[in-house]
Amino acid sequence: MSEINYKAFKGYLKDIQTKQVSGGFAPVYLFYGEELLYKTALESLLDALIPEGKRSLNYDPLEGTNNNIQEAIQRVNTYALMPGTKVVALCDANIFYSRQDEGELFAKAKEAYDNKDHKQAAKHFLNLLGILNLSFDDLSRENRAKALTLDTDGFGDDRWLDDIIGYCRDNNLSIPAVEGAAEALQKAIAKGFPSGNHLIITADLVDKRRTLYKTIRENGIIIDCSVPKGARRADKMAQEAVLSERRDTILQKFGKTIDQGAFQAMCEMTGFDLRTFNQNLEKLVNYVGDRKQIVIDDVESVLERTKEDPVYELTNAVSDRNIERTLFYLDSLLVVDLHPLQLLAAITNQIRKLLLVKGFVESSHDSNWHAGAGYDYFKSHVMPAIQVYDRALLNQIEAWESMVANDAGADDRNRGKRETKKKDKLTTDLLIAKNPNNPYPVYLLFQKSERFTTDELMAALECLSRADMRMKSTGQRPKLILEEAILKICRSN
């Protein structure tokens, strides 16, 4: 039938109820994206389908695990006990998870674990094992590095995985079988349900390439409740628009207002976390009592900063030589238990990137770069030169590796096979533009490199190396060591 955005869903329901949509309600609905948004949209659909007083008999929600798929199919094909509409819901379904969601599921499991929500962490973790076809034994300490191929460096040490595995075993939680459930559901939807029966599916993630998704789109309505989570300007604007909607909905309900400064302070303290944002706003409503307007003093008096800053905020602040921001993000990241050595490595990696840029600009290659170059000029004149530079570097590395292989006296036939394989997969972190199709981050890196001389970057690497040694060999507080290094890097001229 169609796909619509959650903002248009209210209008869709209104059209249905005023008979402006032929066919009435669809047999199947899929809500996906931001949990709070799809749950709000789900409630509005239930209100339209079944009066609240009849839901105990005609509304049948099930947890959306793969083990419940057959049960949901059976129930939605059974007539209701009471005459009228019947709704079966698969809530928070994992039916669309695929290998491409590996990183996101891992991050969600860690986030839930950090929030002391072991049940939710186990749910995401089990889904991850299901799509990877792994067992608990596959993630034993000796097998873990081999079994988990995704980059887990940003998640600290992996002791939390042992806790989650222990929790799953203690509670007899099983790894869901992914294969088969999606196909069975897809066939049931294509076949259709008895008149008056509806299936609702809610999910945080979907894979639009899956046959199941396409079948739902052909036979029902898909409501997109997703919000971009990135840091681009467009993403930030979309997030702020959603927060503004939630603000207006809640404050209108209580007859309150909030001044713009207080709202911005709230956003900065909570980040894009709708659940926390709602809770904090209701906390402020209660705090101000009979007063109509919430002001910034209320926010600072009542709320604590819960926003988890990404590591790139710290490295960007170092690149900008902004001491105040750097120390702020350092403190913020240490508070959420990121390991000091992890932060040191991130800063070192950023300084190395800036040094690579300097190496390119000062090389014999015609870089075309100059301070003050605009983005369009950068794309058309500098990026082609970077790609040539990176390609020459790869060729040089390949030549070195070939020379080493020859010196090792490897068997000629076997060596030929290995060389072919290495040529296909050869890569290095010394490349300036690993993804030439996305030049804007590279452009920003060049701009930041202008804040340092080559000598200052070399001195910064030496300073970070000494900090690394002190952290590993002395009993000094890591935070003080990091702060000292940051001050030296950001202040040196």
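This is a predicted model: local features need pLDDT of at least 70, side-chain atom pairs count only at pLDDT 80 or more; totals for chains, interfaces and linings use all residues.
Local features here need pLDDT of at least 70, side-chain atom pairs count only at pLDDT 80 or more, and totals for chains, interfaces and linings use all residues. Residues are numbered from 1 along each chain as its sequence is written, and side-chain values use heavy atoms, with hydrogens and water left out.

Let's start with Lys86, which sits in strand E4 (residues 86–91); strands are DSSP runs of at least two E residues and helices runs of at least four H or I, numbered from the N terminus. Lys86 is buried but has no salt bridge, and the nearest side chain of opposite charge, Asp60, is 5.1 Å away. Buried means under 20% relative accessible area, exposed over 50%, and partly exposed in between, with a 1.4 Å probe and protein chains only. A salt bridge puts a side-chain nitrogen of Lys or Arg within 4 Å of a carboxyl oxygen of Asp or Glu. What Lys86 does have is the backbone oxygen of Arg75, 2.7 Å from a polar atom of its side chain.

On to the salt bridges, which number 22. Lys187 and Glu183 pair at 3.3 Å, N to O; they are four residues apart in helix H9 (residues 181–191), so about one helical turn separates them. Helix H21 (residues 454–473) also holds two residues four apart, Asp468 and Lys472, and they form a salt bridge at 3.1 Å. Arg209 and Asp207 make another, also at 3.1 Å, though here Arg209 is exposed at 57% while Asp207 is buried at 4%. Finally, Asp320, Arg325, Lys448 and Arg451 are linked in a network of salt bridges.

Methods:
Lys and Arg count as positive and Asp and Glu as negative; His and the chain ends are not counted. A polar contact is a pair of N or O atoms within 3.5 Å; within protein, one must be able to donate a hydrogen and the other to accept it, and residues adjacent in sequence count only if both atoms are side-chain atoms.
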